[in-house]
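Subject: Structure for your review

Dear colleague,

Please find the sequence and the structure below. A summary of the findings follows, and I would be grateful if you could read it alongside the model.

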Amino acid sequence: MKIIDPKRYDSESSFEKHRTSINEKLLFEGIEINKEGQPKNVDKAKTISEAKGRAMKIKERVHGIGIHQDILPYCESEWLNENYFHAILEITKSIAHKLRLKSGYISDGAVLVDECFGLGSDKKPMLAFNLLQSESDESEHKGFANFIKGFFSMYRNPKAHDPKLLEDTQLTEMTEVLVVATIIQNKLDKTYKTGYK
């Protein structure tokens, strides 16, 4: 017996939102709806926050990509309260914070990215994720730096400057931001200090 049928939904995100909402209630009875819409027996939730946390299965995997572990501490409380506007802002902060930790710089946004990855005339950046031994390496390095700058421009800056009431931020946008932030975080894990600066 299916409680909700995934075939009746146009998108995975709308199905997941509905499934999460149902699971928040059913978990108190020791029941959870899986991705196929089937009920299964689980341990009963004892508190509202436990039920919400367990119901948010999307936080474990988004479109088949595992969310980077360094992102969740920044946005979990906003996420559980369905405050996606501020969750997106906090997700972007996870990237800036990791750049500061790796580099020791204290700036922000595009300036921070340039300080960390800028090649300069000597082609000696503070941080690199490849050996910069070829034109392709340099091109990839510059591309990644521009990708991070674009991430800040697209997701952080509008959230920082636009009033929340003018923004209709939905779970689908937050999912998109989580995927992009995970790509960046995974690349930053492979980034190392060059020793040049």
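Within what distance do the axes of H4 and H7 come, and at roughly what angle do they cross? Before the reply, two notes on the basis of the values are in order. This is a predicted model, in which local features need pLDDT of at least 70 and side-chain atom pairs count only at pLDDT 80 or more, while totals for chains, interfaces and linings use all residues. Residues are numbered from 1 along each chain as its sequence is written, and side-chain values use heavy atoms, with hydrogens and water left out.

The helix pair

The axes of H4 and H7 come within 9 Å and cross at roughly 10°. Axes here are lines fitted to C-alpha atoms, for helices over the stretch in contact, and angles run from 0 to 180 degrees between N-to-C directions. H4 and H7 are therefore roughly parallel to each other, given that angles under 35 degrees count as roughly parallel, over 145 as roughly antiparallel, 65 to 115 as roughly perpendicular and the rest as oblique. On the H4 side the contact (heavy atoms within 4.5 Å) is made by residues including Tyr84, Ala87, Ile91, Ser94 and Lys102. H7 contributes, among others, Leu171, Met174, Val177, Ala181, Gln185 and Asp189. The residues of this contact divide into 13 nonpolar, 2 polar and 4 charged. In that division Ala, Val, Leu, Ile, Met, Phe, Trp, Tyr, Cys and Pro count as nonpolar, Asp, Glu, Lys and Arg as charged, and the others, Gly among them, as polar.

Overall organisation

The protein has 7 helices and 6 strands; helices (H or I, at least four residues) and strands (E, at least two) are DSSP runs, numbered from the N terminus. Along the sequence they follow the pattern α-β-β-α-β-β-α-α-α-β-α-α-β. Of the 197 residues, 43% count as buried, where buried means under 20% relative accessible area, exposed over 50% and partly exposed in between (1.4 Å probe, protein chains only). Among contacts between residues at least 6 apart in sequence, 56% join residues at least 24 apart.

The nonpolar core

A nonpolar core is a set of buried Ala, Val, Leu, Ile, Met, Phe, Trp, Tyr and Cys residues joined through side-chain atoms within 4.5 Å. The largest one holds 33 residues, of which Ile95, Leu99, Phe117, Ile148, Phe151 and Met174 touch the most other members. Two or more residues come from each of helix H3 (72–80), helix H4 (84–103), H5, H6 and helix H7 (171–189). H7 gives the most to this core, with 8 residues.

Met174 is placed in helix H7 and counts as buried because its relative accessibility is 0%. Leaving aside neighbours within four places in sequence, Met174 is in contact with Trp79, Tyr84, Ala87, Ile88 and Ile91. Met174 and Phe85 are 89 residues apart in sequence and 8.0 Å apart in space, C-alpha to C-alpha.

Glu140 lies in helix H6 and is partly exposed, at a relative accessible area of 39%. The C-alpha atoms of Glu140 and Phe129, 11 residues apart along the chain, are separated by 9.3 Å.

Backbone and cysteines

Lys123 has a phi near 55°, a positive value in a residue other than glycine. Lys123 belongs to the loop between helix H5 (109–117) and strand E5 (127–128) and is partly exposed, with a relative accessible area of 45%. Phi of Leu132 is likewise near 55° and positive. Leu132 sits in the loop between E5 and helix H6 (135–161) and counts as buried, at 17% relative accessibility.

Cys75 is buried at 0% relative accessibility, and Cys116 is buried with a relative accessible area of 0%. The count of disulfides comes to 0, a disulfide being a pair of cysteine sulfur atoms within 2.5 Å.

With kind regards
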